[in-house]
Amino acid sequence: MRAIRYLFLFFVCSTIAQNGLFTNIQWSTKLKPILNKAETHCLLWNGSSYGLIYDLTTGEQVKEVILTGFTKSSSFEALVFDYRNDKAIIAGWDNSELKPDHYFLWDEASNSFFPGNNFAKPNHGKIIDLIGDEIVFCFTIYKKDSKGRLDLDKPEHSFVQFYNWKTKKWRETKYDYEFAVAIPSKNLLGFKEKNKIKYLDINTLSFLDTTTDSYDNIITHYQDGKVYAAKYNKGIDKVALLDEKTLTTGKFSKPPSTNNLDYYWGALWKYQIQLLKTENKSLNAQDVDLVITNKQTKEEKKVRITASSKEEVALVRDRVETIKNARLNQTKNDLAKKYAGQAADFKEWEINFQDLPKSYVHNYQNAKGRDITNLKMSRRLFLTPNTTVYAIGKIFQCEESKTFLVMLRGPQAEGTESVYAVLKTDHYGNRLQYQIVARTLSNNLGYIQMDDFSISTYLNNNTTIDVTENYMGEKKKKQYKIYCLN
């Protein structure tokens, strides 16, 4: 696993002298508040790469979090947050490449950022908690009906998984119940057993003696600020007050109001959090106030969290742009130094590929390729012995990658095989993707297999490869899609 370990101490710091502010907030913008486990601090997240952390006791902003520049598109969805010894930990989805199971984690204390699909393990669900140096995942496996469809009324078992981002170790436990809810402030997971909820302590991995009537979620998004257990039936159907100490529920009944805050799902035991929006016509955006109410003392703190003038907007945007450029340049400089020798070999290799037309149909009669077998880069990229490598053409080039069509020819048991493959590399020649798309197979009697294929490249280099496999007269159609980021 690779962690990015630079620029934190300068760029992610206390912002007492110059507070961070959200910009261009619209009515549709989803500002997401997430509380730390001790319920002392709140992270407000803009759904991309920018967040603000507030002390709930004082109402003061303690950190501006800028994750812009750690990946190209910097699209992160924060799911869990903790605040320990004035240092933040944030984890959630990394949406930069629009792939499933891509997570990010920022650990300020160890000065580390982990982007992309670093938590490589199949069949893990949503991040639901942080405990120590571990991320907690949980998901339920459901039985299938007679038609092979998942039956969500018949849970089979659930997995609780822990990933330690420092040791890179996984551990996993299995339970014969359906996962229902997480309560991070108490280090508990709730599981359904028939008509009851039973609570698992994720520190000890033992169940509490306490059980309560079954419910589907915990919510604190009504105007009254109370914590409710909620049951669903095409939306929230019934709610009951949830006791903080005993975790028992009151009587389930209709919700107290249809007017809800629509942005906090989970238990807020100590504070009520509200986001109040008003129109700012000069910016064509919304001014947003964070209102924090201490539930015990009823003391209220109110603080503006958005830029209210064009000057404030410019200050924030210039700061974010500076950080982004510095991080991206730092990454490029580090890679350029690391692969300086390899880059020269790659350049020698790349000049053998001519650009293919946007609509390319492979013609075996007229096809030409350059023998690049003995180049250093070919020996690095293709390790198959007794194989000749040919450069057919370059399909496209993106900001972060280059994609080529190559042909590899070598002996097989049935004769001589020629394999046509799409190879994607970074700009230093490191392999990112390799996909065989077509092949021919021939012997002394002629061709046993000869696949036809065409390559069509569209806007943003989105490419479709249509293949007709032809093995001994039996034809089968296939299609492959190649993008800049996949």
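Me: Let's start with charges and rings. Which residue lies over the face of W269?

Reply: That's K186, which lies over the face of W269 at 5.8 Å from the ring centre. Keep in mind that this is a predicted model. There's another case to look at: R171 sits over the face of F162, and here the distance to the ring centre is 3.9 Å.

Me: What about rings with other rings? How many aromatic pairs does a search of the whole structure find?

Reply: The search turns up 26 aromatic pairs. To place them, find Y103 in strand β7 (residues 103-107) and F137 in strand β10 (residues 134-144). They're 34 residues apart, and the pair links distant parts of the chain.

Me: Are Y103 and F137 buried or exposed?

Reply: Both of them are buried.

Me: Why is the pair of F346 and F404 called edge-to-face?

Reply: You look at the angle between the planes, and over 60 degrees counts as edge-to-face. For F346 and F404 the planes are at 80° and the ring centres are 6.2 Å apart, so the pair is edge-to-face. This pair also links distant parts of the chain, with F346 in helix α3 (residues 340-350) and F404 in strand β26 (residues 402-412), 58 residues apart. Both F346 and F404 are buried.

Me: What does the side chain of T463 make a polar contact with?

Reply: Its partner is the side chain of T457, at 3.1 Å. Leaving aside residues up to four places away in sequence, T463 also touches a set of others, including I395, F396, Y480 and I482.

Me: And P115: where is P115, and is P115 buried or exposed?

Reply: P115 is in the loop between β8 (112-114) and β9 (126-131). Its relative accessible area is 12%, so P115 is buried. For a sense of distance, pick out G410, 295 residues from P115 along the chain: the C-alpha atoms of P115 and G410 are separated by 39 Å.

Key. Residues are numbered from 1 along each chain as its sequence is written. This is a predicted model: local features need pLDDT of at least 70, side-chain atom pairs count only at pLDDT 80 or more; totals for chains, interfaces and linings use all residues. Side-chain values use heavy atoms; hydrogens and water are left out. Rings of Phe, Tyr and Trp (its six-membered ring) pair if their centres lie within 6.5 Å; planes under 30 degrees apart count as stacked, over 60 as edge-to-face and the rest as tilted. Helices (H or I, at least four residues) and strands (E, at least two) are DSSP runs, numbered from the N terminus. Buried means under 20% relative accessible area, exposed over 50%, partly exposed in between (1.4 Å probe, protein chains only). A charge sits over a ring if NZ of Lys or CZ of Arg is within 6 Å of the ring centre and within 35 degrees of the ring normal. A polar contact is a pair of N or O atoms within 3.5 Å; within protein, one must be able to donate a hydrogen and the other to accept it, and residues adjacent in sequence count only if both atoms are side-chain atoms. Contact means heavy atoms within 4.5 Å.
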